[in-house]
Amino acid sequence: MPSTRTVCPYCGVGCGVIATPRAGGGVDIAGDPDHPANFGRLCSKGAALGETLSLDDRLLQPMIAGKRATWSRALDLVATRFTEAIRSHGPDSVALYVSGQILIEDYYVANKFMKGFIGSANIDTNSRLCMASSVAGHKRAFGSDTVPGCYEDLEEADLVVLVGSNLAWCHPVLFQRLAAAREKRGTKVVVVDPRRTETCEIADLHLALAPGSDVALFNGLLPYIAGSHVIDRNWISAHTIGFSDTCKAAARTPFHDVVRITGLSEAALHAFFDLFVSTERVVTIYSQGVNQSTSGTDKVNAIINCHLATGRIGRPGMGPFSVTGQPNAMGGRETGGLATTLAAHMDLDNAEHRRIVQAHWVSPRIAGKPGLKAVDLFRAVKAGRIRALWIMATNPVDSMPEADDVRGALEACPFVVVSEVERHTDTTSVADVLLPSLGWGEKSGTVTNSERRISRQRAFLPRPGEAKADWWQLAEVARRMGFADAFAWKSPHDVFVEHARLTATDNDGKRDLDLGDVATLSRGAYDAMQPFQWPRRRARIFGDGRFFTPDGKARFVPTPFRPLATSTSASLPFVLNTGRVRDQWHTMTRTGKTPRLTSHIAEPYLEIHPDDAQPIGLAPATIAQVSSPHGMVLLRVLVTKRQRRGSVFAPIHWTAQVAGRARVDSVVAGHVDPVSGQPELKATPVAVKQFPAAWYGFAVSQSKPVVREVEYWAVAPATNGWCVELAGAELNGDWDATARTLLNLPATADLLSLRDRTAGHFRCAGFDGERLLGALFVAQHPVEVSRAWAAAQLGHHFDGVHERLAILSGRPASGANDKGAIVCACFDVGCNQIIGAIANGCSTVAAVGTATSAGTSCGSCRTQIARMLDAKPTAKTG
Ligand SMILES: Nc1nc2c(c(=O)[nH]1)N[C@H]1C(S)=C(S)[C@@H](COP(=O)(O)OP(=O)(O)OC[C@H]3O[C@@H](n4cnc5c(=O)[nH]c(N)nc54)[C@H](O)[C@@H]3O)O[C@H]1N2
Ligand SMILES: Nc1nc2c(c(=O)[nH]1)N[C@H]1C(S)=C(S)[C@@H](COP(=O)(O)OP(=O)(O)OC[C@H]3O[C@@H](n4cnc5c(=O)[nH]c(N)nc54)[C@H](O)[C@@H]3O)O[C@H]1N2
Ligand code: SF4
Ligand SMILES: [Mo]
């Protein structure tokens, strides 16, 4: 079968992928050696793409009120309800909530529909939760939302500062490029993060600062730069405005206050400041530890101030670098898909820009004021001010702060449309109309990655069921609302060139984004389009000292330090930090489908420092109850010194589809940054206590487990079935009956069970003849069985009673092979195998790789192997 060159649908690195459908079904996935983002590399998530493409659980037909409907009925209904709401309550009574995971073409159509034809800017996107502070910070400093650098800068830098970025897990291929460059040129790496993350494995210095104190840190650095020889006064006066006022404002946080606020030692601060001052080639990478904060925009500007003061911007190996999260976060910004921007990097409050865009769209109206930003948007839904809402490619019931309120608001909203690829998500469960969308491999268009590189995403699979492209759905509704002429495209190519023409209209170098040279591409040329960076022939912007402000000069922005929106208290003593794990993508609708990716971390957890866990009686592997005024979650306890005292960390991925009570955003507060509107997702004061578990359970099952009335549970796929972790507050009388329901055993199945009332143990295994259908292990303490081994037994035949009984031991007979928890997702290598290799004399990551294959494919687990090799940390923690 022919291969197709496309791009990975996950993170903003934007790796090129070669997909080759197999004759008998399935797809082979390989990194594209010619793609300039990854040169053939892929991380664990990208490499497992082929295993996430099954049509099980896909949404394949339109549905109205839970029943199948035709496309024409569904589209008519959406158009009618939107038209009615606008007629009765005005254009601001409807809204779109979209996503950095739709394509440029989808985004362009959504934005044109809303801002030009409905005439409201009530279109916001999950990028409000993600990139909004960077957008706002860029615009304040540069006059435009421009990312100045490129990936090669990481390889050409001598110092890379990572602020609030867990690059090792979240941008793994970029991390590998950095790690490889560091091996070669000895690049110094500083990580600024309250947690000791996997990224710290390559750090020379880890600054475990107090949550939310980054502005103080960079305010401390600015006067240090100003007082040193690297201050570039000529460059500053030629190309910037506001330096002295900004320095004065920064100096209002004297050094002893920087020490106090950040909680870092003087020595650690001096070490960082000295490195920054003495190294010319510095790249500062930042991500959600910066953006997701009530001082997020100030954090961005505090960082940019330090780069402007040294003129280190837009030159090889130098510059501030906001790495984007989603595959098309940048494309969304380019098309203007935020409630605060217009289109094509033009502004809502600029009359000339409104004229250009309206003329291009030939639209009856044009939005002239910002629409509702995500948090306000869902509050308006709750208040009944939004009468019709269309959600596309995002799962706000899980990913918005105060998520229970968001769910309640959607339940109460008169009309909710959801365009999705999956049938069952926490958001599809509150929709009135479901529209089936084409997913990755089926849809076609373009995306822009973190370094402004536009790549083609190409289809290589047939369109399943009645699924349709997102842009098509929007255009069909617009046509039904009377705007047929302006929404008459036949293909994504038509949409792309219309977008590209708009970027070039009346531009003449006045705006950073100009795609004029692809505005006349033929359909064939669009299909064959190679990845390219804008602006063409320039990998970097601002190296010439010219910015997009009216006078062409960059702005220093004073950033007085402000504390977190809410501080901890006696009743809410911990700061809840949230983020990602290596092998899962957001709400797990795709990465949760393959055991290869769930085996690394199979459960929602709470990471806590031993000094914090001990006084509240939280033992490892028990269940914690984490609550705030907004909600409560139950999470497995992970006690580690990687965590800062006073802070706890929980991943964002687990939803009500796969876990009992682990929607972390139901606990997270929705305080927003006053400039960007981005919520403070990394710092909610919470209470943590032990969940009073009377029993713990673990089960493996061939059919999907049916969990009833258990407080804590989390389901994950296994090679031949499913694994489920359980914990309950009340002891159950009839374990046999519980097991039969949970494991979904047919009435004819034999159940072999073992009970020890004194020890509180119960174990059972269900068989169909000799074939293992499932097993349940229950204990009064966290269950100690070999998960990987138990799951691997599913579906196997056990001929003798001894063999069948052996299942109840929950681990292989002595001497047999138990891999332990999976470390390497590519080759399914467990920690016991790696420990074995180390015990046998392997002393380097490469040697472990030769012995076990671990870490030799995508490389995402190399840092973890390194950590196992060397218990002593390589970086000093300040
Ligand atoms: N595996 C995986 N990769 C992903 C994603 C995924 O879901 N899974 N999602 C993608 C998306 S959309 C995004 S936006 C990116 C996010 O990528 P990252 O921003 O790297 O990831 P996060 O885990 O959200 O947060 C980064 C770090 O911020 C730290 N932090 C918290 N508070 C503070 C603070 O006050 N100051 C500082 N300096 N740091 C702080 C956290 O401890 C955390 O380690 O990842 C992308 N890549
Ligand atoms: N507490 C806390 N909350 C957070 C964050 C955090 O760090 N902490 N991070 C925030 C950030 S940065 C982000 S980006 C968000 C992510 O949060 P979400 O956007 O809510 O998460 P996803 O799971 O990526 O949701 C995408 C949905 O679109 C569907 N989908 C996939 N492809 C397509 C397609 O082509 N078309 C359509 N129509 N649907 C598709 C998927 O099945 C999935 O349900 O979470 C935010 N929320
Ligand atoms: S780093 Fe991984 S998730 Fe990100 S684009 Fe590349 S392969 Fe995909
Ligand atoms: Mo994101």
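Predicted model: local features only at pLDDT ≥ 70, side-chain atom pairs only at ≥ 80, totals over all residues.
1. Cysteines. How many disulfides does the model contain? The count is zero, a disulfide being a pair of cysteine sulfur atoms within 2.5 Å. Cys 200 is in no disulfide, and its nearest cysteine sulfur belongs to Cys 170, 13 Å away. Cys 200 is buried, since its relative accessibility is 0%. Cys 723 is likewise in no disulfide; for this residue the nearest cysteine sulfur is that of Cys 764, at 15 Å. Cys 723 has a relative accessible area of 16% and is therefore buried, the limit for that class being under 20%.

2. Helix α4. This helix spans residues 132-142 and is mostly covered, with nine of its 11 residues buried. The buried residues are Ala 132, Ser 133, Ser 134, Val 135, Ala 136, Gly 137, His 138, Ala 141 and Phe 142. After α4 comes Gly 143, with a positive phi near 80°.

3. Thr 341 is in the loop between α15 (329-335) and α16 (351-361). Leaving aside residues up to four places away in sequence, Thr 341 touches Lys 115, Lys 139, Gly 336, Met 346 and Leu 348. Val 135, one of the buried residues of α4, is 206 residues from Thr 341 along the chain, and their C-alpha atoms are separated by 9.9 Å.

4. Helix α11. In α11 (residues 255-262), the buried residues are Asp 257, Val 258, Val 259, Ile 261 and Thr 262. The cover over these residues includes α8 (214-226) and α12 (266-278). As a general point, an α-helix has 3.6 residues a turn, so residues three or four places apart point the same way. Gly 263 follows α11 and has a positive phi, near 70°.

5. Ser 265. The loop between α11 and α12 contains Ser 265. Ser 265 counts as partly exposed because its relative accessible area is 35%, and that class lies between the 20% and 50% limits.

6. Backbone points to check. Trp 534 and Pro 535 are joined by a cis peptide bond, with omega about -10°. Pro 535 is in the loop between β19 (532-533) and β20. Which way does phi point, positive or negative, at Asp 506? Phi of Asp 506 is positive, near 45°, in a residue other than glycine. Asp 506 is in the loop between α21 (492-504) and α22 (523-527), and its relative accessible area of 36% makes it partly exposed. Ala 621, also not a glycine, has a positive phi of about 70°. The place of Ala 621 is the loop between α24 (610-613) and β23 (623-628). With a relative accessible area of 29%, Ala 621 is partly exposed.

7. Ala 23. The loop between β2 (16-21) and β3 (27-31) contains Ala 23. Ala 23 counts as exposed because its relative accessibility is 75% and the class requires a value over 50%. Ala 23 and Met 1 are 22 residues apart along the chain, and 6.5 Å separates their C-alpha atoms.

Note on methods
Residues numbered from 1 in each chain as written. Chains lettered and ligands numbered in written order. Heavy atoms only, no water. Buried < 20%, exposed > 50% of the residue type's maximum accessible area, 1.4 Å probe, protein only. Helix = DSSP H or I, 4+ residues; strand = E, 2+ residues; numbered from the N terminus. Contact = heavy atoms within 4.5 Å.
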